[in-house]
Amino acid sequence: MNNLELAVPVLSRGKHRNPRKGACFMEFASYLAGEPWSDHPACTHPLLANVARDVNDCTTDAGRVRLAPLIPSVIGLTPDDPHVVPRVTAVCVEQALPVVSQERQYILAVALLVGERNLAALDGRPLDSLRPEAQEALDSVPAAAKWARTFTARPHRGTPDFARRTAPRAVSCAVEGISQACVPDPDERLYNLLSAAIAECTAWMPAPAPAVRRESVEAEH
C-alpha cells in the first residue's frame with residue numbers, strides 16, 4: 001500500500017483530525033475540493049452540508065459506503081437563491097413526515113408550514129398556499145398538521161431566523177427521525193433524502209454564461 005492509498009479517508013461518523021483518522025462526508029468533500037480539512041467547507045451550500053453531515057452520522061456503517069459516490073456532486077454546489085433553504089428543508093421534511101415519531105411530526109409540520117410561507121412570499125403567492133408536495137406530506141399526518149396550523153397562526157414575540165436556526169434544526173430532526181423510524185430500510189431512505197437535497201440545490205444553481213465563439217470575438221476586432 002502506497003502513501004496515497006494510506007491518505008484516502010474512509011467514511012465514518014463524527015469529526016476527524018485528519019484523513020488518516022477517517023472522514024465524514026463533508027470532510028471528504030473538503031479533501032477532494034483542495035480546501036483546508038473541515039466538515040464545514042466553503043465548497044458546499046451550508047444547509048446542504050448540514051444534511052450531508054446528518055445523513056453521514058445517522059447511516060449505518062454498512063450503508064455509509066454507498067454515500068461516497070455522492071461526495072463529488074456537492075463540491076461547488078453553492079447556490080445563493082433565497083428559494084434554496086426552504087426548498088431543501090421541504091425536501092427533507094416531506095420525506096420524513098410519514099414515517100417519523102409523532103413528536104417529530106409536530107416539529108416538522110411547523111417547520112414545513114413556516115418554510116411554505118417563505119416560499120409563497122418569494123413567489124408572490126398567498127401566504128397560506130401550499131405546494132402540492134407539501135400538502136400531500138401534511139395530509140399524511142392530519143393531527144400534526146392541524147396542531148401546526150394552530151401553532152403557526154398564533155402571534156409570537158419573535159420570529160426565529162428560518163435559514164440559520166429553523167431550517168438546520170428541521171433537517172436534523174428529519175434525518176434523525178428517519179434513522180430511528182420503524183421502517184425496514186432507513187439507510188435507503190437517508191440515501192434518497194440526501195440525493196434529493198443535492199438535486200434540489202443543483203436546480204437552483206445559476207445557469208452558466210453562454211460561451212463566446214472565438215470567431216465572433218475575432219470578427220469584433
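Predicted model: local features only at pLDDT ≥ 70, side-chain atom pairs only at ≥ 80, totals over all residues.
Q: What share of the 221 residues of the chain counts as buried?
A: Residues are numbered from 1 along each chain as its sequence is written, and side-chain values use heavy atoms, leaving out hydrogens and water. A residue is buried under 20% relative accessible area, exposed over 50% and partly exposed in between (1.4 Å probe, protein chains only). On that scale, the buried share of the 221 residues is 43%.

Q: What is the mean pLDDT of the chain?
A: pLDDT is the predictor's confidence in each residue, from 0 to 100. Residues 1-7 stay under 50, yet 85% of the chain's residues reach 70 or more. The mean pLDDT of the chain is 89.

Q: How many helices does the chain have?
A: Helices (H or I, at least four residues) and strands (E, at least two) are DSSP runs, numbered from the N terminus. Read the elements from that end and you get α-α-α-α-α-α-α-α-α-α-α. There are zero strands, and the number of helices is 11.

Q: What percentage of the contacts with a separation of 6 or more joins residues 24 or more positions apart?
A: Contact here means heavy atoms within 4.5 Å. Take the chain's contacts with a separation of 6 or more, then pick out those between residues 24 or more positions apart. Their share is 67%.

Q: Against which helices do the buried residues of helix 2 pack?
A: In helix 2, Phe 25, Met 26, Glu 27, Phe 28, Ala 29 and Ser 30 are buried. Beyond four places in sequence, Phe 25 touches residues including Ala 52, Asn 56 and Leu 194. The buried residues of helix 2 pack against helix 3 and helix 10.

Q: Which residue just after helix 2 takes a positive phi?
A: Look just past the end of helix 2. The phi there is about 75 degrees, and the residue that takes it is Gly 34.

Q: Why does His 45 count as buried?
A: His 45 is in the loop between helix 2 and helix 3. Not counting residues up to four places away in sequence, His 45 touches Leu 77, Thr 78, Pro 79, Val 84, Val 85 and Cys 201. His 45 counts as buried because its relative accessibility is 10%.

Q: Which helix gives the most to the lining of the second largest pocket?
A: A pocket, on a 1 Å grid over the protein atoms alone, is an open set of points with protein on both sides within 12 Å along at least five of seven lines, and lining residues have an atom within 4 Å of a point. The lining of the second largest pocket includes His 40, Asn 50, Val 85 and Arg 164. Helix 3 and helix 9 each supply at least two residues of that lining. With five residues, the one that gives the most is helix 3.

Q: Is Ser 172 buried or exposed?
A: You'll find Ser 172 in helix 9. Leaving out residues up to four places away in sequence, Ser 172 touches Asn 50 and Asp 54. At 17% relative accessibility, Ser 172 counts as buried.

Q: What relative accessible area does Arg 66 have?
A: Arg 66 sits in the loop between helix 4 (61-64) and helix 5. Beyond four places in sequence, Arg 66 touches Glu 188 and Tyr 191. Arg 66 and Glu 188 are 122 residues apart in sequence and 9.5 Å apart in space, C-alpha to C-alpha. Arg 66 is partly exposed, and its relative accessible area is 39%.

Q: How far apart in space are Arg 149 and Val 114, C-alpha to C-alpha?
A: Arg 149 lies in helix 8 and, at 36% relative accessibility, counts as partly exposed. Leaving aside neighbours within four places in sequence, Arg 149 is in contact with Leu 113, Leu 130, Gln 135 and Leu 138. Arg 149 and Val 114 are 35 residues apart in sequence, and their C-alpha to C-alpha distance is 9.6 Å.

Key
1 Å grid on protein atoms, 1.4 Å probe; cavity = no way out; pocket = protein on both sides within 12 Å on 5 of 7 lines; lining within 4 Å.
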